[in-house]
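Biologist: Could you walk me through this model, please? I have a few questions ready.

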Amino acid sequence: MCSFRAPWVSGVLKRHASVVPPFIRANLEGPQPNKLLTLVIINDGSRVLLGRKKRGFGEGYFNGFGGKVEAGETVRQAAERELLEEACITAEDMKEAGVLVFTFDDNPQPWEVHVFSASRFRGEPTETDEMAPVWFNHAEVPFDKMWADDVHWYPAFLQHRYFRGVFGFRNTTKLVWHILEEGNE
Ligand SMILES: CNc1ncnc2c1ncn2[C@@H]1O[C@H](COP(=O)(O)OP(=O)(O)OP(=O)(O)O)[C@@H](O)[C@H]1O
């Protein structure tokens, strides 16, 4: 059977076969290709730059900068474009930090978010229609005002360990299951 998913996703389904909730398995084995999104987090070594989302999906949450990959662009180009559109900055040393797959019980299409980190950038972080940028010390990342998955993968992110995660949400925002694996890119 052909699959739209990366082989590591099938690996997760196999390794955790007895505990994967049915809606997650159904979506990940279903016919819908993943929707590709990006997330860029500036990490200067002691602080991260996040934005408070002012509108749309995840409104009110703090998050990195990112959005959907558009037709004709690579994931990296989309990450650069969204960072410029949402925070008015250009990363100088952007690298892949990890990948997250989100499944929702109310949406059959899995989301695949490519997370990038950068420590240097050009420009001045500036509030836009979409995001209001704020620096947070590593010990003060506001997880209570962020997506429920974030608390699980930020430790790996902050310590520069590559990560892969699969997360299942009910009613869009309630995290009900997850697997996080760290290591090899
Ligand atoms: C479910 N748990 C989650 N945990 C952490 N981050 C999450 C997330 N779910 C989505 N995200 C991120 O939220 C942004 C939404 O982007 P979103 O505004 O929808 O995209 P985009 O700017 O293309 O939309 P419009 O152009 O306004 O339609 C995008 O960075 C995406 O990676």
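Biologist: How many residues of the shell around the ligand are nonpolar, polar and charged?

Modeller: First, a note: this is a predicted model, where local features need pLDDT of at least 70, side-chain atom pairs count only at pLDDT 80 or more, and totals for chains, interfaces and linings use all residues. Residues are numbered from 1 along each chain as its sequence is written. Here Ala, Val, Leu, Ile, Met, Phe, Trp, Tyr, Cys and Pro count as nonpolar, Asp, Glu, Lys and Arg as charged, and the others, Gly among them, as polar. The shell then splits into 7 nonpolar, 5 polar and 3 charged.

Biologist: Which residues around the ligand come nearest?

Modeller: A residue is near if its C-beta atom, placed from the backbone, lies within 6 Å of the molecule. Of the 15 residues around the ligand, the nearest are Leu37, Gly66, Gly67, Lys68 and Trp147.

Biologist: Why does His160 count as exposed?

Modeller: His160 sits in the loop between helix H4 (150-158) and strand S9 (163-170); helices (H or I, at least four residues) and strands (E, at least two) are DSSP runs, numbered from the N terminus. A residue is buried with 20 or more other C-beta atoms within 10 Å of its own, exposed with 12 or fewer, and partly exposed in between, with C-beta atoms placed from the backbone. His160 is exposed because its C-beta neighbours inside 10 Å number 11.

Biologist: Which residue of S2 stands opposite Ile42?

Modeller: Two strands pair if DSSP finds at least two bridges between them. Strand S1 (residues 35-43) and strand S2 (residues 47-53) run antiparallel, joined by 2 bridges. Opposite Ile42 stands Leu49.
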